[in-house]
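User: I am new to this structure and would like to go through it by question and answer. Please begin with one of its pockets.

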Amino acid sequence: MAQINDHYLKLKAGYLFPEIGRRVKKYCETHPDANVIRLGIGDVTEPLPPAIVQAMHAAVDEMASRDTFRGYGPEQGYDFLRQAIVDNCFANRGCQVDADEVFVSDGSKCDTGNILDIFGNNNVVAITDPVYPVYVDTNVMAGRTGQADESGRYAGLVYLPVTAENNFVPELPAQKVDLIYLCYPNNPTGTVATKETLQKWVDYAKSHDAIIFFDAAYESFISNPEIPHSIYEVEGAKDVAIEFRSFSKNAGFTGTRCAFTVVPKTLQGKSADGSHHSIHALWNRRHCTKFNGVSYPIQRGAEAAYSPEGKSQIAELIAFYMQNATLLRDGLQKVGIQVYGGQDAPYVWLKTPNNLTSWAFFDHLLESSHLVGTPGSGFGAAGEGYFRLSAFNSRANVEEAVDRIQKLLT
Ligand code: MLT
């Protein structure tokens, strides 16, 4: 009999979002008349911007003609998209990123998991707590942890709590760590990091020979001009950080799939014999071996996100979702709920009322108000007593959700 990867047996029952989906499905089966509003998973609801749709249509037409048909594309992404990314995400912010440092992919979830392929299993990994569960689960799968304790914390990982007590700013690790996951604007707490905070992390990484995985999937939702959109806005970051970006949430690509990862050519790691090696070269090798690239029409659609029409249509989409976030924040505050985030990020993080546990509040909200959110403890032990609401939904649903919560809590 073939032997399985035993590390998978250490994983908690199910990945958080499918687990919520399972519970909600079960509830709906027994309550078929309930009008359930889902503010759980951060999945976009509004259609793709017209400029993007148009570019995708045109690219599909190209594929229909012998003269313009394209087969395999470059695994790292077409030059037209890599260059558009550099011009519109980095050069415009004074960050020196080269087009060949950009690797186009089908998602940041995949990339943040896959990046572990090129790092040894002896690295000590630091994650904030609560955290996007993919970072933890992929390290468990790779065998970089021991078993989980009752609170769900895995032996071997260094957890850095982010709660209201420390204003959602993680302390630097007390011990030496090698790989550090940072996500800003933060999923799940919706909070942001200042340039000073990021500088502290970059300085730590430099002095401890660590590498930062910086997940900036929600950077487009930043409205505060003081907040950096990229870690490369911070001095020295190109020597220590890999950045993950996505078209999912800003341009509505959760279904169409396009993202990118920046791996600087200056980034180095060391092998077992102590010699230094280019992380960029390793990632390129991995990417070309295991990935065939994002489809041509989708990359043309992503490129159109940077056209003048694309930019203004995306700005409207973001303003729409952020207005939803404001409605959620204001509505919750009116009934005395303590809220965080939701100002530079599409997630509102709240303290559960009456000290309910996160899952108890999940059940209460589902059963009494037919609303779905995400229990904070699903993101980590330090998320217990918190709850996340996503601003990705129609205006009518968000207004209705606020109304139902207010009725429930007054
Ligand atoms: C979330 O709800 O945290 C995200 O939608 C998950 C993801 O982007 O994979």
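Analyst: The model is a predicted one. Its second largest pocket has a volume of about 510 Å³.

User: Which residues lie nearest the centre of the second largest pocket?

Analyst: The model being predicted, the lining is taken from computed coordinates. In the second largest pocket, 24 residues form the lining. By class they comprise 11 nonpolar, six polar and seven charged residues, and helices α1 (16-30) and α5 (133-141) each supply at least two of the lining residues. Nearest the centre lie Lys12, Gly152, Ser377, Gly378 and Phe379.

User: Which element gives the largest share of the lining of the largest pocket?

Analyst: The largest pocket holds about 630 Å³ of space and is lined by 23 residues, with Asn123, Asp209, Gln268, Gly269 and Lys270 nearest its centre. Elements that each supply at least two lining residues are α6 (195-207), β9 (268-270), β10 (276-278) and α8 (279-290). The largest share, three residues, comes from β9.

User: How many nonpolar, polar and charged residues line the largest pocket?

Analyst: The lining of the largest pocket has 23 residues in total. Divided by class, they are nine nonpolar, eight polar and six charged.

User: Is arginine 286 buried or exposed?

Analyst: Arginine 286 lies in helix α8. Beyond its neighbours within four places in sequence, arginine 286 is in contact with Asn114, Asp117, Ile118 and Phe291. Aspartate 117 is 169 residues away from arginine 286 in sequence, yet their C-alpha atoms are 7.8 Å apart in space. Because its relative accessibility is 13%, arginine 286 counts as buried.

User: How are helices α2 and α10 oriented to each other?

Analyst: The axes of α2 (residues 50-63) and α10 (residues 308-334) come within 7 Å and cross at roughly 135°. An angle over 145 degrees would count as roughly antiparallel, and 65 to 115 as roughly perpendicular. The two helices, α2 and α10, are therefore oblique.

User: Which residues of α10 meet α2?

Analyst: On the α2 side, the contact is made by Pro50, Ala51 and Ile52. The residues of this contact divide into four nonpolar, two polar and one charged. From α10, the partners are Glu309, Gly310, Gln313 and Ile314.

User: Against which elements do the buried residues of α9 pack?

Analyst: Helix α9 (residues 296-304) is mostly covered, with eight of its nine residues buried. Those buried residues are Tyr296, Pro297, Ile298, Gln299, Arg300, Gly301, Ala302 and Ala304. They pack against α2, α3 (79-90), β2 (102-105) and α10.

User: Where is the cis peptide bond with omega near -10°?

Analyst: Most peptide bonds are trans. Proline 185 and proline 188 are both placed in the loop between β5 (179-183) and α6. The bond from asparagine 187 to proline 188 is cis with omega near 20°. The cis bond with omega near -10° runs from tyrosine 184 to proline 185.

User: What is the relative accessible area of asparagine 167?

Analyst: Asparagine 167 sits in the loop between β4 (158-161) and β5. It has a positive phi of about 60° although it is not a glycine. Asparagine 167 is exposed, and its relative accessible area is 60%.

User: What is the phi of arginine 257?

Analyst: Most residues other than glycine have a negative phi. Arginine 257, in the loop between α7 (248-251) and β8 (259-262), is partly exposed with a relative accessible area of 28%. Although arginine 257 is not a glycine, its phi is positive, at about 75°.

How values were computed
Residues are numbered from 1 along each chain as its sequence is written. This is a predicted model: local features need pLDDT of at least 70, side-chain atom pairs count only at pLDDT 80 or more; totals for chains, interfaces and linings use all residues. Side-chain values use heavy atoms; hydrogens and water are left out. Axes are lines fitted to C-alpha atoms, for helices over the stretch in contact, and angles run from 0 to 180 degrees between N-to-C directions. Helices (H or I, at least four residues) and strands (E, at least two) are DSSP runs, numbered from the N terminus. Angles under 35 degrees count as roughly parallel, over 145 as roughly antiparallel, 65 to 115 as roughly perpendicular and the rest as oblique. Contact means heavy atoms within 4.5 Å. Ala, Val, Leu, Ile, Met, Phe, Trp, Tyr, Cys and Pro count as nonpolar, Asp, Glu, Lys and Arg as charged, and the others, Gly among them, as polar. Buried means under 20% relative accessible area, exposed over 50%, partly exposed in between (1.4 Å probe, protein chains only). On a 1 Å grid over the protein atoms alone, a cavity is a set of points where a 1.4 Å probe fits but cannot get out, and a pocket is an open set with protein on both sides within 12 Å along at least five of seven lines; lining residues have an atom within 4 Å of a point. Grid points are joined across faces, edges and corners, and a volume is the space filled by probe spheres set on the points.
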